[in-house]
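Take a look at the structure below.

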Amino acid sequence: MIEFQNVDFAYTSVNAEGKTIHENGISGLDLSIRDGEFVVLTGGSGCGKTTITRLINGLIPHYYSGELHGSITIDGKSVPDTPIYETAKRVGSVFQNPRSQFFNVNTTDEIAFAAENQCREPVEISKAITETAASMHIEKLLDRSIFELSGGEKQIIACAGVSVLSPDIIVLDEPSSNLDSGAIEKLKIILSDWKSQGKTIVIAEHRLYFLRELADRLLILKDGRIVRELNASQIKALTFADTEQIGIRPLSLLDIRYSYGRASGRNETLTLESFIFTYKDGKHGINIPKLELPSGGVIAIIGHNGAGKSTLARNICGLEHKCKGVMKLGGKALKAKDRLKQCYMIMQDVNHQLFTESVRDEVMLSMTDKLLTDEQKVQKADEILKSLDLLEYADTHPMALSGGQKQRTAIASGIASSKPVIIFDEPTSGLDLAHMKQVAGEILKLRDMGKTVIIVTHDLEFILSCCDHIVRLEQGQVVEDHALDKDTCNRLQKFFCK
């Protein structure tokens, strides 16, 4: 039994002026989670979902500092008063950003790491790895370099490490955020298996459709409080209209409809010719003889994890200097070093591109227009931040934000950029329904400004909100390339739901 009794927690951070501030916590939380119960936490970015998972696994207060009041217990034992290594024997964790929990460069070593730390027998660990890999169908991911995996594949490795450990309680923080439809289905099978074993599962998520049949309770949070609670039968009865009204993601992708009429883009094209890149293993990369994309359009790059989507995005930007091939924009050929000057990329892991001491400074950093005065830059930055519900955090250090708020900060920087090609790699990771729609609206504004927007995504709802062209990759090659219209909606739904 997990018990929260009148729990208050506020993170402490320091703003640009050196002043200590308290934010993004929970307030007056009373919550009981029974043994073997499957509980889903959802709500807007910064509502307290992740904080609850951190209070259960002991990361608060042992890792994240702040002001904590109230009681958090597991089977009557205080979590804050228990060493974190002891809590880890009972509670397994899968974080939103899997890289933050990796300690090895080899995938098999990483899967074994937590079990080895608990001094399990080597034979037992080896057997558990073999069984876990078979059940998750990830044999091809064993003995690989962590650095060569896609974001979704890294998340699967993190889940595998917890599965090998086999704790009584498992907390997961948006585990599906970077997973394709096939990987999400594998995750669902693993979650179902854990549930059948009687494990207690607490999962913070925005994507809810794959949890509809698993959840015993759905808790909707706002401003650190539980504002609505639904049981299993109520969850299954929710319609698309219900979720829209509540302000949460849909519980069935088949309910989503293509409804936005959009321009076809300019007649000019962004052309890739002889785009070839291979990683050191000689097996993974991209091979694209020719691809013509509409300049001034919003292009979605889709495909399964490891298909080459992020690799393509990095090569378009010129981040991979060994890429063979040329990109033509407006008829002008651009090699890798030239593409760096024309493209702005918002990475899948935004922690890699947050550099400054405040959110406002982060946005201003990307402004390369020398004609803008400092005052104009501040005004422009604040306008963008306001459009993304970030203005109140303008003076906050970016690393003090929630995952979704960090994502929107990076997106704000891309919007502020004067470069003609903007690339987003999984921009809706960590975003709730309202902010997903906000980001879609901002992307449409970029398109209307004449920018070419390329989006690597697994988010069907987001695609149908703002994209006008689809490119699907498999094994590093283009297998679909066409405009997005109503006729393609059903095919997309089948691809994302299979």
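Which residues line the largest cavity? They are R207, L208, Y209, R249, P250, L253, I256, H458, D459, L460, E461 and F496. Before going on, note that this is a predicted model: local features need pLDDT of at least 70, side-chain atom pairs count only at pLDDT 80 or more, and totals for chains, interfaces and linings use all residues. Residues are numbered from 1 along each chain as its sequence is written, and side-chain values use heavy atoms, with hydrogens and water left out.

Rolling a probe the size of a water molecule over the atoms shows where empty space is left. Here a cavity is a set of points, on a 1 Å grid over the protein atoms alone, where a 1.4 Å probe fits but cannot get out; lining residues have an atom within 4 Å of a point. Grid points are joined across faces, edges and corners, and a volume is the space filled by probe spheres set on the points. The whole structure holds six cavities of 30 Å³ or more. The largest cavity contains about 100 Å³ of space. Its lining has seven nonpolar, one polar and four charged residues. In this count Ala, Val, Leu, Ile, Met, Phe, Trp, Tyr, Cys and Pro are nonpolar, Asp, Glu, Lys and Arg are charged, and the others, Gly among them, are polar.

Now the rings. A pair of aromatic rings is described by the distance of the centres and the angle of the planes. Rings of Phe, Tyr and Trp (its six-membered ring) pair if their centres lie within 6.5 Å; planes under 30 degrees apart are stacked, over 60 edge-to-face and the rest tilted. The search finds six aromatic pairs. One of them is Y209 with F210, edge-to-face at 6.0 Å centre to centre and 75° between the planes. Y209 is partly exposed at 21% relative accessible area, while F210 is buried at 2%. Buried means under 20%, exposed over 50%, and partly exposed in between (1.4 Å probe, protein chains only). Ring pairs also link F9, Y11, Y63 and Y64 into a cluster. R54 lies over the face of Y64, 3.9 Å from the ring centre. For such a contact, NZ of Lys or CZ of Arg must be within 6 Å of the ring centre and within 35 degrees of the ring normal.

Last, strand β16, residues 343–346. Strands (E, at least two residues) are DSSP runs, numbered from the N terminus. In a regular strand the side chains alternate between the two faces of the sheet. In β16, C343 and M345 are buried on one side, and Y344 and I346 on the other. Four bridges join β16 to the parallel strand β17, residues 421–425; strands pair if DSSP finds at least two bridges between them. Y344 stands opposite I422 in β17.

Key:
1 Å grid on protein atoms, 1.4 Å probe; cavity = no way out; pocket = protein on both sides within 12 Å on 5 of 7 lines; lining within 4 Å.
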